[in-house]
Amino acid sequence: MTGPLPDPFADQPDWAPRPPRPLAIVPATERVELRGRRVLVGLPGLGWRGDLRADDRVVQGARTYVPVIPEHEWYRAEADQVEVFAPLVPVDRVWVETVGDRPGTGDTRGSGIRLVSLDGPSHRSPTPVFEADAVTGRRVVHVDGGLEHRDLRAVTETYSGAEGDICVRIAPEVEWYRWAWRGQSPTTLEVPVHLLWIE
């Protein structure tokens with residue numbers, strides 16, 4: 001044999017899984033389902049508030065409103081089947097988080113200052129957990145076998161797992177919030193950091 005051996009990993013860009021699809025923020029005035037979706041409310045030029053969930057649109061007179069509930073209250077209402085107060089926000093002040101398209105191969109995340117428009121809310125691309133300063137309580141996406149598992153929260157910071165991997169324990173978001181309103185510890189899963197992204 002005279003030539004070099006072929007590289008078995010030549011067609012694979014990296015050993016790590018592909019990052020999850022980023023979130024796209026769309027106005028609630030578009031034809032998009034709202035019930036149970038994460039939303040942001042605010043005014044252009046003023047600012048945005050997140051960690052909210054929406055219910056179906058309500059029409060009163062000639063105006064359309066969106067019932068908006070703090071996320072922890074939404075989970076409590078769904079889990080315990082109780083009614084909670086939901087202020088009505090004009091539909092033109094509500095934006096909906098949707099899962100966007102995967103960026104092209106030429107798209108790269110820049111570092112440093114990122115300027116955004118104040119005309120509407122924006123969202124960063126998913127950040128690998130191993131690049132984050134702190135992760136406890138943050139929304140994370142677990143990518144396993146090409147599938148994206150969302151609505152999760154990190155319950156710990158990074159630590160060395162039993163197998164020697166650097167890991168984070170995660171929990172379903174409903175259990176994260178149940179921990180707060182009932183004091184019931186969540187069921188957690190140990191996940192290596194290369195499979196987790198901050199949403």
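Trainee: Which residues of H1 are buried?
Mentor: Glu71, Trp74, Tyr75 and Ala77 are the buried residues of H1. Keep in mind that this is a predicted model.

Trainee: Where do they sit when you look down the axis of H1?
Mentor: They fall within an arc of 160°, so the buried residues line one face of the helix.

Trainee: And what covers the buried residues of H1?
Mentor: The cover includes four strands: E2 (38-43), E3 (47-54), E5 (63-70) and E10 (147-154). Helix H2 is also part of that cover.

Trainee: Tell me about H2, then. At what angle do H1 and H2 cross?
Mentor: Roughly 95°. H1 spans residues 71-80 and H2 spans residues 173-182, and their axes come within 9 Å.

Trainee: What do you call that arrangement of H1 and H2?
Mentor: Roughly perpendicular. Angles from 65 to 115 degrees get that label, so H1 and H2 qualify.

Trainee: Which residues make the contact?
Mentor: From H1, take Glu71, His72, Tyr75, Arg76, Ala79 and Asp80. From H2, take Glu173, Val174, Tyr177, Arg178, Trp181 and Arg182.

Trainee: How many of those are nonpolar, polar or charged?
Mentor: The contact of H1 with H2 has six charged residues, five nonpolar and one polar.

Trainee: What follows H1 in the chain?
Mentor: Gln81 does. The phi of Gln81 is positive, near 55°.

Trainee: New topic: aromatics. How many aromatic pairs are there in the whole structure?
Mentor: A search finds four. Take Trp48 and Trp95 as one case: the ring centres are 4.8 Å apart and the planes stand at 75°, so the pair is edge-to-face.

Trainee: Where in the chain are Trp48 and Trp95?
Mentor: Trp48 is in strand E3, and Trp95 is in strand E7 (residues 94-99). They are 47 residues apart, and the pair links distant parts of the chain.

Trainee: Is Trp48 buried or partly exposed? And what about Trp95?
Mentor: Trp48 is partly exposed, with a relative accessible area of 27%. Trp95 has 9% relative accessibility and counts as buried. Buried means under 20%.

Trainee: Which aromatic pair do Trp74 and Tyr75 form, stacked or edge-to-face?
Mentor: Edge-to-face. Their centres are 5.0 Å apart, with 75° between the planes. Trp74 is buried at a relative accessible area of 12%, and Tyr75 is buried at 7%.

Trainee: Which residues make up the aromatic cluster with them?
Mentor: Trp74, Tyr75 and Tyr177 form one cluster.

Trainee: Now Pro20. Where is Pro20 found?
Mentor: In the segment before strand E1 (23-27). Pro20 is buried, with a relative accessible area of 3%.

Trainee: What does Pro20 touch?
Mentor: Leaving out residues up to four places away in sequence, Pro20 touches Arg102, Pro126, Val141, Val143, Glu148, Arg150 and Trp197. Ile198 is 178 residues from Pro20 in sequence, yet their C-alpha atoms are 9.7 Å apart.

Trainee: Last one, on the whole chain. How many helices and strands?
Mentor: Two helices and 14 strands. The chain has 199 residues, and 37% of them count as buried. Among contacts with a separation of 6 or more, 56% are between residues 24 or more positions apart.

Key:
Residues are numbered from 1 along each chain as its sequence is written. This is a predicted model: local features need pLDDT of at least 70, side-chain atom pairs count only at pLDDT 80 or more; totals for chains, interfaces and linings use all residues. Side-chain values use heavy atoms; hydrogens and water are left out. Axes are lines fitted to C-alpha atoms, for helices over the stretch in contact, and angles run from 0 to 180 degrees between N-to-C directions. Angles under 35 degrees count as roughly parallel, over 145 as roughly antiparallel, 65 to 115 as roughly perpendicular and the rest as oblique. Contact means heavy atoms within 4.5 Å. Ala, Val, Leu, Ile, Met, Phe, Trp, Tyr, Cys and Pro count as nonpolar, Asp, Glu, Lys and Arg as charged, and the others, Gly among them, as polar. Buried means under 20% relative accessible area, exposed over 50%, partly exposed in between (1.4 Å probe, protein chains only). The arc is that of the directions from the helix axis to the C-beta atoms. Rings of Phe, Tyr and Trp (its six-membered ring) pair if their centres lie within 6.5 Å; planes under 30 degrees apart count as stacked, over 60 as edge-to-face and the rest as tilted.
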